[in-house]
Amino acid sequence: MTRDSTPDKQDAQDGTMLQKSVDRRHALKVLAGGLAAGVQAVSACAPLSAASDEEREIRVLAWQEYIKGNYRFMTEAERAETIARLERLAQLRRGEDVTIQTTGAQPGVVFGYAFNISKCKGFRRCVEACINENNLDRRADTQYIRIFEMEDGVINLDEADATFQHEVPAEGHFYMGTQCFQCADPPCVKVCPVKATWQEPDGITVVDYDWCIGCRYCIAACPYWARRFNWSAAEVPVEEVNPNQHYLGNRARKTGVVEKCTFCIHRTRQGRLPACAEACPTGARVFGNLLDPDSEIRWVLANKRVFRLKEDLKTEPRFWYFTD
Amino acid sequence: MLVCIAASGIAVGCSEPDGAARKHIGPGANREGDVELAAGAGTANREPGALKTVTSAPVHDWTGPGDQPFEVALRTSERESGHARRFGSVTLQTALRARLLQQYPCTSCHLGRKLVMAGKRVADAHQDIRPVHPEQTGAHCSTCHASEDVEQLTLESGERATLDETYRLCAQCHFRQTDAWAQGAHGKRLDGWQGRRVVMGCADCHDPHAPALAQRIPFRAPQLERSRGPDK
């Protein structure tokens, strides 16, 4: 199974390069020279005896992934290459057959969300759908959505209980869900030191998991506690993995990166509802295009009494609460 | 695509009960056997062509009430008496419901299609019905069910509505809810935010005889405690 390791010219050249004391940037450049060069370079460094073909392929792909650029500055060809690598890696590492999209924002679309606090009964069906749809870590039990149980007449998140586990709706209580509000002026984006998180043209704030350095400034900056950190790589049983993935959304997360709700970017950019809105059995969740005057969300904003959470912070959330 | 769903969910070959075949409106009614049955029972498709069904694509990954496969035939709002004309510009479609009436069609007991049972005998025959709503409102069977054809609904105006049109019945009192529903701000949504907009009808979620949603045990609580600031 081991590869024929007869050193050719290229190999020898790379070998000498690595033995010399070169600076890291130069070395990376040389190693990134191309697939062939990369394969040989890595083979030259790696202990060949123990490596099967698959292991070697994983090592090469992982290396090429490691040195790729920021998603926003990639050309279409580069994006296609990284998608091919990520899909192959998912296959090799975890036996998952996934499809990763790079679907861009639709022109003339800015997403908005409205949440009816008169309707929500606290069933948490949205939470369940979100976990399944977004391949959230089952081990740490990551959840994007949080449903707060509050006593009638008071909106005080400090006193609210998000860990209720009794029959709902409870007498004299109402329920209020929080998740990422996709702020129009997001503080989490401002604080990112490496520009690994940004706002897309349709208003969704996304994270490039391969550019994030895990400093968690964004977590500290978010006033809504919308972001989650992966202390270990997300673990999802193979049979439960949602294969419909987006580069900026629900693809596999690795150790030490921040993730967040993306309004199910892989669904909503294709005209579908976010999983939470589709799962809600009470119809408390309204989703739509803020720029379309005929959309449901615009009707809610025009006809219902709406408010936003912590509006005084001027983050301009695109997530409104309303009552019947 | 619809054909597959219909085959698995509704029209299970010959084992289909007669009543169900009679109830078919839409794709199922095009089959020869159904038309014959319908003609024989004297219940020809009501208002031919009035109930348009869209047979393009199924609703994404969704199963209907009770997790049974649900036929995705949809009412378009092209119909003049539909909510689209009455409530505004958004064209919403509702999932059809009447075709779910299969195993125990009303006419299997209500012979001659008459609504004759009254008073306490209702509780004997319909043990599954909790008449909360009728008790609250002082209504009785024939307030909502057409007395000469129990598989239809009756409106205050004397008009008849099919079981697909529960919103017309409910709207007579719950006009604010209907208004919000027709604009997509009330009711469980199916399919997408773009293109076809589908919303479930009133009776798909609310039991018409006891409309309040029942209490349930919620999905598991989050494990991770949220941060509450330095002083908490």
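**Exercise 1. Find how many salt bridges the rule gives across the interface of chain A and chain B, and say which side chains meet.**

Start with the count: in this predicted model, the rule finds one salt bridge across the interface of chain A and chain B. Next, look for the partners. Asp141(A) and Arg220(B) bring their side chains together there, at 2.8 Å from N to O. Finally, check the cut-off: a salt bridge needs the nitrogen within 4 Å of a carboxyl oxygen, so the 2.8 Å pair passes.

**Exercise 2. Size up the contact between the two chains.**

First, the head count: chain A puts in 55 residues and chain B 38 residues. Then the area: the two chains bury about 4,100 Å² between them, with 51% of it on carbon and sulfur atoms. Last, pick out the top contributors in chain A. Glu278(A), Glu296(A) and Trp299(A) lose the most area to chain B, together 15% of what that side buries.

**Exercise 3. Check the span of helix α4 of chain A, then list its buried residues.**

Helix α4 runs over residues 53-66, 14 residues in total. Its first and last C-alpha lie 20 Å apart, close to the 20 Å expected. As for burial, Arg56(A), Ile58(A), Val60(A), Leu61(A), Gln64(A) and Glu65(A) are the buried ones.

Note on methods: Residues numbered from 1 in each chain as written. Chains lettered and ligands numbered in written order. Predicted model: local features only at pLDDT ≥ 70, side-chain atom pairs only at ≥ 80, totals over all residues. Heavy atoms only, no water. Helix = DSSP H or I, 4+ residues; strand = E, 2+ residues; numbered from the N terminus. Expected span 1.5 Å × (residues − 1). Buried < 20%, exposed > 50% of the residue type's maximum accessible area, 1.4 Å probe, protein only. Contact = heavy atoms within 4.5 Å. Buried area = accessible area lost by both parts, 1.4 Å probe.
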